[in-house]
Amino acid sequence: MDAGMKDIWLYVQHRDGAVEEPTYGLTAEARRLRASLGGGGLVTAVVLGNGPVAGLEEMGFHGADRVLVVDDERLAERCRGDVFARALAGLAERHGPACVLMAQTAETLDLGARSAALLETAFISRVMDLQVDEDGVLHAHRPVANGYLFERLRCTDPKAPIIAFLPAVLAESVPEGETRAEVLAESMGAVSLDGGARVLRVEEADPGELDIEEADIVVCGGRGVGRDADFDIIHRLARAIDGSVAGTRPIIDWQTLPYERQIGQTGKTVMPRLIVNCGISGANEYTAGMEKAQVNIAVNTDPRARIFRFADLGVVADIHRLLPHLCERLEALRGHEPPAAGKD
Amino acid sequence: MLTTALDYILVLAAVIVMLAGFARRPARVRQVVEESRRPADFGYFLSYILGHGRIVGGRPLAGIAHLAVFWGVGLPLVVIAFAQFPLVLPAGIAGLLSLVMDVLGLVVLAAGVYFLIRRLTSAPDLGAPRRVVVPLLLLLVIVLSGFVVEGARLRLTAAGYAWQSPVGWCCSSVLPASPLLMQAALRFHFFAVLLFVVLLPFTFMRHLLAASLNVLYRDRGHRGALTPAAGVVTENALLAGDRLFDAGQLLELDACVACGRCAENCPAALAGKVLNPRRVVQNLARCLEAAPVPAGGNIDASRLADAVSAEEMWACTGCMACVEHCPVLVRPLVKVIGLRRHEVQMHGRMPAEAVPMIRNLEIYGDVDGRGCAHRGDWAHGLDVPHLSERDVDAEMLLWVGCQGAFHPRYREVLRELVKILRAGGVRFGILGTEERCCGDAARRLGDENLFLSLARENMDVFNKYGVRRIVAVCPHGYNTLKNEYRELGADFEVWHAVECIADLIRNRRVTLRYPLEKSLAIHDPCYLGRVNGIYEPLRTVVRAVPGVRLTELPRNRERALCCGGGAGRMWLHEKPGQSINQLRAREIRECGVEAVGAACPFCLTMLEDGIGSLELESPPRVLDIVEIVAASMAD
Ligand SMILES: Cc1cc2nc3c(=O)[nH]c(=O)nc-3n(C[C@H](O)[C@H](O)[C@H](O)COP(=O)(O)OP(=O)(O)OC[C@H]3O[C@@H](n4cnc5c(N)ncnc54)[C@H](O)[C@@H]3O)c2cc1C
Ligand code: SF4
Ligand code: SF4
């Protein structure tokens, strides 16, 4: 493999037979990196697992040139870092990519560190930005001291370093090209299953209970919703769209929600992909905590409410008349679809 | 009259024990003089002690009782001391003196009983010491035995007239004519006095010395200016070291008489938060007392810091009510800030909600993290000159502040202010992107280094443009620039916008024409009122607006209740208990006014939020004085 030295690998995260979101963000990074390395190599997605994964060819629309798939029953268990690492390291030994990109999760932190140890190369976590200088040396930026400071690392290791990006910096990728990626099956080689940690059970967090700072979707209710039983409609909407429930300060003052669920200047700062603001006027002390959300929906009876200045979609309506209908429709939609694909 | 040599020896011994008990004080005082550079202020001390104004102040009854005991004990003491010398007074004067002493005895008796009842019936949990009961009882014993001596003497000698010692005369009528009784009562009286003297340093009565010293060596700096902690200020940073308080602060701890006036006026205590300034000071004082005195008189900071919980120290709103009302010039607020500094600078602990704001200040130089590039955006389209422009014609710098630059409501207030200043012919400019947060919130949240770095950046810009006069809209910025930048070499005048406006109105440079037909009350912002003594300009300005019916809130001026937003509390979560802003909002509602006028961005937000949470049919409107004036101005 002559051009192999310049190949950029990205590790595909998949679940229940479908590729997960952060993977697409990696393709953009990989393409950018390939360009700065001279453009010769292939953007290669690597899939480790057992059983079919849908949409691998379609990764070509996002810029992947080929997909290497190791489908082996020894990879049936999720999160077995020791087994996956040996599979990945073996593959990398054979192909010799320029580097391996991952989206940082609990899983890849484990996998990345183990693979780097096996390959005797560098593992850089929490990366926010990756650049290549004129000499082809990688430079990574990452936050330290809780984000107070940033450090810049120079990666001089000649072997394929493993880079884990903070998921928050991975931009969403929109499919662009029409070319499908080439899918190649690879073998796993001799890896024994003995020893190591085993996964006994995977417990799903109830999205409604998820820490609002971590949540992808937040449904926030304000004084306009009302207290106690009136607030149930917010929980219902959150359930319907897998959102996490939050409130403005009056809601917390009424003890309808606990303080951990307050958004704002004296509460938490959230940056979800979607926030639905229900019955919220949009005081500066509130918006200080949610301005950075990607998509903002507001529902309020008062068309002059300040919250509409932040809204991508504003609905002038009474919460208690609009939301029950909306929830019914969403719940009905959900009834026909597999649970994981119910997001909209 | 002392008779035997033994008596003199006893007196001497008592005085020696007393002095030994006070042995720690001279060292502390020396330290105060040397390290805090506070000279004795005899003039103030005399007017304080003779006039008793500060003690009577907020609590007339207790204050007058104190005045009574002070003179009732002090004067007889002087008379008795003189009686040791063979002086002969004219009969008339001697008789008058005797009458005065007699009446004073009665007054002390009444006051003593009053104090005793007060202390015994007060809530025991708040750090009010019971130690005061012993000396009080002793005092009563001294007075009563004095009357018995007098009565027995009169019974035996029947000298003098009834009018000269009415109480003694009454006593004499019920006492037997017994020389033994008189002698016994005399000795009893004498020993009681000796005991009182011996106990001075060990009971509550030590406040006689401790409080007096605190008043004598009072801090003469401006009350609004925090000082750069007891650490070492180096070129770039403050090294907090292991010292939490300087000597002057420790002197204050000794002086606290646990009267609870601070707590009575503390918004946090009133709202039922854990903070109680009296308990803070008393707990610190107790710690100080228990600690051995190391060389140099400094005591381990962490020991003191442990005496106060984090929840207590973060509940303070910096409103200065405790400082205003303390009769012996203790400043609980400064203790609280000292403790916060220790918590932040030594341990890096701060409530989680405040961390993003501090980080914004560190990275962007403003509390909202908008960045200095946007700091001038509020003035868009107004053509306000920047001091950086060439040929700028400005007599004053308009200090905008983070709220003026970024808070949606306060940006409008600033635009109105520009209108008013222009109408008044004031030539002013702004710093635009070169302004940074003044550092008030950072400093009061305990991040002294951050304050210093922000203040230095601002000072550099002031010096660059040779700024001589500043007008600020935010009372916090006003106070910080005026009183705290001095230590960094500031040498400029600072005005608050309301003072400026009052001036313009007085000189008829702006005319107010359009009426505001509303009943309106003034909410005195702490950092204008208590901290800087600006009360009247707010009222002058509002009175100049036609149609306004000005009323006063029950708690106004020095006693005004804080909105709850000072000392960084704008960024801290209010723990359950009452919200301070709702407490104030209720006072405003009960006053029945249609609007309330404030002159502070934090007050505005706090009151608006507090009144909003009452969910009234027609809530009183919250207006900034600047808005009121702008609306009434003739175009
Ligand atoms: C120091 C300080 C810190 C603060 N910190 C925070 C903070 O961290 N987080 C926070 O949230 N707030 C905070 N606040 C409070 C903030 O200023 C606002 O008061 C608060 O956010 C208002 O909440 P709200 O929008 O839910 O209520 P409101 O302002 O009362 O708004 C209710 C809205 O609901 C609409 N409405 C009413 N009925 C309906 C209906 N049936 N259907 C649809 N819409 C309806 C109304 O038109 C109105 O716009 C703070 C305040 C202060 C002073
Ligand atoms: S600090 Fe001052 S006001 Fe407070 S209890 Fe002590 S003496 Fe009284
Ligand atoms: S400054 Fe105000 S809130 Fe703080 S302790 Fe003193 S009275 Fe209480």
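## Exercises on a predicted two-chain model

In this predicted model, Asp211(A) and Lys268(A) form a salt bridge whose closest N and O atoms are 3.5 Å apart.

**Exercise 1.** Explain why the pair Asp211(A) and Lys268(A) ties together parts that are apart in sequence.

*Solution.* Begin with the distance: a salt bridge requires a side-chain nitrogen of Lys or Arg within 4 Å of a carboxyl oxygen of Asp or Glu, and the closest N and O atoms of this pair are 3.5 Å apart.

**Exercise 2.** Work out the strand order of the open sheet in chain A, and say which strands stand at its edges.

*Solution.* Start with the order, which for the seven strands of chain A reads β7-β11-β6-β1-β4-β5-β12, with parallel pairing. The ends of that order are the edges: β7 (123–127) and β12 (182–186) of chain A each have a single partner strand, and therefore one side of each is left without a neighbour in the sheet. Neighbouring strands of this sheet are turned by 25° against each other on average, direction ignored. For one pairing in detail, take β6 (residues 99–103) and β11 (residues 162–165) of chain A, which pair in the parallel sense over four bridges; Val100(A) has Ile162(A) in β11(A) as its bridge partner.

**Exercise 3.** Describe how helices α1 and α3 of chain A lie across strands of chain A.

*Solution.* Take α1 (residues 22–36) of chain A to begin with: this helix lies across β1 (8–11), β4 (43–49), β6 and β11, and runs at about 170° to β1(A). Then turn to α3 (residues 106–119) of chain A, which lies across β1, β6, β7 and β11 and runs at about 155° to β7(A).

**Exercise 4.** Find how many residues each chain gives to the contact between chain B and chain A, and name a salt bridge across the interface.

*Solution.* Count by chain: 19 residues come from chain B and 17 residues from chain A. The area buried between the chains is about 1,600 Å², and carbon and sulfur atoms give 42% of this area. Two salt bridges are found across the interface, and the side chains of Glu291(A) and Arg370(B) meet in a salt bridge at 3.0 Å, N to O.

Notes: Residues are numbered from 1 along each chain as its sequence is written. Chains are lettered from A and ligands numbered from 1 in the order in which they are written. This is a predicted model: local features need pLDDT of at least 70, side-chain atom pairs count only at pLDDT 80 or more; totals for chains, interfaces and linings use all residues. Side-chain values use heavy atoms; hydrogens and water are left out. Two strands pair if DSSP finds at least two bridges between them. Helices (H or I, at least four residues) and strands (E, at least two) are DSSP runs, numbered from the N terminus. Axes are lines fitted to C-alpha atoms, for helices over the stretch in contact, and angles run from 0 to 180 degrees between N-to-C directions. Contact means heavy atoms within 4.5 Å. Buried area is the accessible area (1.4 Å probe) that two parts lose on being put together, summed over both.
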